[in-house]
Amino acid sequence: MAPTRDSNVVKLAVEMRAMDSKPVPFLGEFSLQDPLAAFIEELCVHWKVEHPENFALQYTEPSVYYVTEKNRSKIKDGTVLHLVFSAGKTAEDILQKLRKTPEERKDALEKLVRMSSDPTFANEFIGKQGMNFSDHIWDKLEQTFIERVAMYINSPSTIDVRTLNSSLTILENIVLNSQRKYTIVEKQVTIAKLLNHISSNKKGEIHQAVLALVNALIQKSEPQKKRYWSASLTSRQHRTIIYNNIVLMHNESTSSVSDLAHQLYVLEQLLLNQYEERMNTSMDVNDQDATEKIKELRKIAFESDGEVPSGITPRRPEYKKEYKKLGFKNDINPAQDFKDTPPGMLALDNMIYFARNHSDHYAKLVLENCYRADSHECPFGRASIELTKLLCEILKIGDVPTEQGQNYHPMFFSHDCMFEELFSICIVLLNKTWKEMKATTEDFSKVVSVVKEQIKRSIFKQPSTLDEFRKEINNLTYAGIAEIWRQERLNNEEQEMQAPPIKELRRALEPDILELIQQHRLRFLVEGTRFKIARGVRAKDKFRYCRLSPNHKFLHYDDCDEKSVPSLDELGKKISIADIKSVVTGKECPHMKEKAVKKNPVNLAFSVLLDSTGIGETTSVDFVAPDERTYNYWVDGLNALHRQTMPSPQTIADLEILLNMEIKLRLLDAEGVTIPSSPPPIPPPPPNYSFCYQLP
């Protein structure tokens, strides 16, 4: 019988491809448990080759990749491998050739193209600063070459997708990596030509490539040119092409295209960043245009369009009072309110846009506050400034787009003046929330925090249009936000209570809390309770009063009328706690077994069973509690007297409430601190204990 072969050993062939000579291939075995470096060294010894650290193994199919410790599991019986120069040496050779003659550079570039798909080689090439060197290649491209590539993009005839995609990618890399060649690309392509490929081509890779080139042109352009690009892209003509062909289609697709989402995110961020200059611009007292805008705000709100009849002198307007009604902090000189940045002059731009384009809402909002008490006015000016600052924070205006970002807002591309319209919706919402909260000027920060939550939650749902956003945010009322916060707080508390340290603390506190509940039950029994006697229909309106003696040794009871509260001395009957055999409840009670008392509430009945020592002695004292709370307290108390577990649901509820309250009080100093799931490790003991403190 043939011996069983180790499953970790495979038979393979290795060909030498690193040298010009082609020696006889190696045919043998390789253990998958052995290091690759040891096997390569064995091969170098077999072929008498020095410096094995400069060599590596390479697959021959299906892809020509280097063999690494991570992918070595693909080696099977019959695999053919090549022994080639290592990724590090290959990258070094290519970089050296790129610095030599044009012919050698050409060969190096061709090899770089072939090898670049291998992640092992790519990491080595980048690690040797290869990308820094390759960046300079873009500066050496001829203008005729760039114009030829641009010709494919500007061509009115249809070209194949691969050529168009490659042309767009080449121009993108030129723009990103060569400032000198940027102007050539900028002259060759236009927004209209680029966006035409979006409307005429349904391929996602073309859409992604077009947006990538557009984003590159915006990023590398001068400030004035950036404003031109932004104005063109936000115009209705160009914006609708992006919105209808990319945003809506991408938003409705079942499989998210991450690259396309990233380019939409970058484009949105670049366009939003055009507001950064105004956001960081403080009010200039000599700015006549800004002064006129402030005056216009007052005129739209308080001055009618009617003409003053001839012969009548118009009254002198009280500007200070009107500016105060507009909600400015500085009602003498409202321009001072726009000194702080952010939001700077961007707040004034939003206010004047709202007043001009939504004059009805603006006038209603201002006049509505005029009829409120001074302390309940929603200050339009102050609210607008704070809201603009809040929107800049939520939309991250001024932030540089990240390389991994993919979260864009579809509604951003649905309107020419998205940011201003967003402000217009939210300022109306702020006034609505102010009324719902019945807020005063002292509650301003609270209202802003609620509005912030409303905006963030509505935007998170990715509405496609501003109308959807308006509907979403109006449905999210103050009461809704308060309920969401309450639920989140409860969930957080519940999660905290499940942490191992908290559970351990609960177990440590539980005996003391149970003792506290027991003391409460016994005090309740000492105070006493009036019970209704259940002995049949003849016992109607008869009562029994029972209370525990202060020393907890006797139960005193006797009959009483409906309103009396007899003292301990007035109760003629008593039971020694030591004589109590057990406490039974419900249908187990003797007085609940009689047919005449079926209408009595069984769930409130309990009986104290006694040890009988003689004939004719009472064997039980029966009770029917007036309510569930009294029933629970008495059953718990009687069980506590016998050192039994208090069985009522009320005890469980009280224990939970008191434990939670005690834990919260103890954790007040740890608020905001994440509670670890396990205790920190105990440090090792010191090397010796020969230490002490010497007093001077």
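User: Which residues are linked with Asp-289 in a network of salt bridges?
Analyst: The network joins Arg-278, Asp-289, Lys-293 and Asp-349. A salt bridge here is a side-chain nitrogen of Lys or Arg within 4 Å of a carboxyl oxygen of Asp or Glu. This is a predicted model, in which local features need pLDDT of at least 70 and side-chain atom pairs count only at pLDDT 80 or more, while totals for chains, interfaces and linings use all residues. Residues are numbered from 1 along each chain as its sequence is written, and side-chain values use heavy atoms, with hydrogens and water left out.

User: How far apart are the closest N and O atoms of Asp-289 and Lys-293?
Analyst: They are 3.7 Å apart. Asp-289 and Lys-293 are four residues apart in helix α15 (residues 288-302), so about one helical turn separates them. Helices (H or I, at least four residues) and strands (E, at least two) are DSSP runs, numbered from the N terminus.

User: Is Lys-293 buried or exposed?
Analyst: Lys-293 is buried, at 13% relative accessible area, whereas Asp-289 is partly exposed at 48%. Buried means under 20% relative accessible area, exposed over 50%, and partly exposed in between (1.4 Å probe, protein chains only).

User: And what does Lys-295 form a salt bridge with?
Analyst: Its partner is Glu-292, with the closest N and O atoms 4.0 Å apart. Both residues lie in helix α15, three residues apart, which is about one turn of the helix. Lys-295 is partly exposed at 34%, and Glu-292 is partly exposed at 36%.

User: How many salt bridges does the count come to?
Analyst: The count is 26 salt bridges. One of them joins the side chains of Arg-239 and Asp-416, at 2.6 Å from N to O. That pair links distant parts of the chain, 177 residues apart: Arg-239 is in helix α12 (residues 236-252), and Asp-416 is in the loop between α19 (380-394) and α20 (418-437). Arg-239 is buried, with a relative accessible area of 5%, while Asp-416 is partly exposed at 27%.

User: Changing topic to strand β6: why is it largely enclosed by the rest of the structure?
Analyst: Strand β6 (residues 543-548) is largely enclosed because six of its six residues are buried. Phe-543, Tyr-545 and Arg-547 point one way from the strand, and Arg-544, Cys-546 and Leu-548 point the other way.

User: Which strand pairs with β6 over six bridges?
Analyst: That is strand β7 (residues 554-560), in the antiparallel sense. Strand β5 (residues 529-532) also pairs with β6 in the antiparallel sense, over four bridges. Two strands count as paired if DSSP finds at least two bridges between them. Lys-532 has Phe-543 of β6 as its bridge partner, and Leu-548 has Leu-555 of β7.

User: What phi does His-552 take in the hairpin?
Analyst: His-552 takes a positive phi near 65°, in the hairpin of β6 and β7, which has five residues between the strands.

User: Where is Lys-48, which also has a positive phi?
Analyst: Lys-48 lies in the loop between α1 (36-47) and β3 (55-59). Its phi is about 60°, although Lys-48 is not a glycine. Lys-48 is exposed, with a relative accessible area of 78%. His-51 is found in the loop between α1 and β3, with a positive phi near 55°.

User: Which peptide bond has omega near -20°?
Analyst: The cis bond from Thr-341 to Pro-342 does. The bond from Pro-342 to Pro-343 is cis, with omega near 10°. Pro-343 lies in the loop between α16 and α17.
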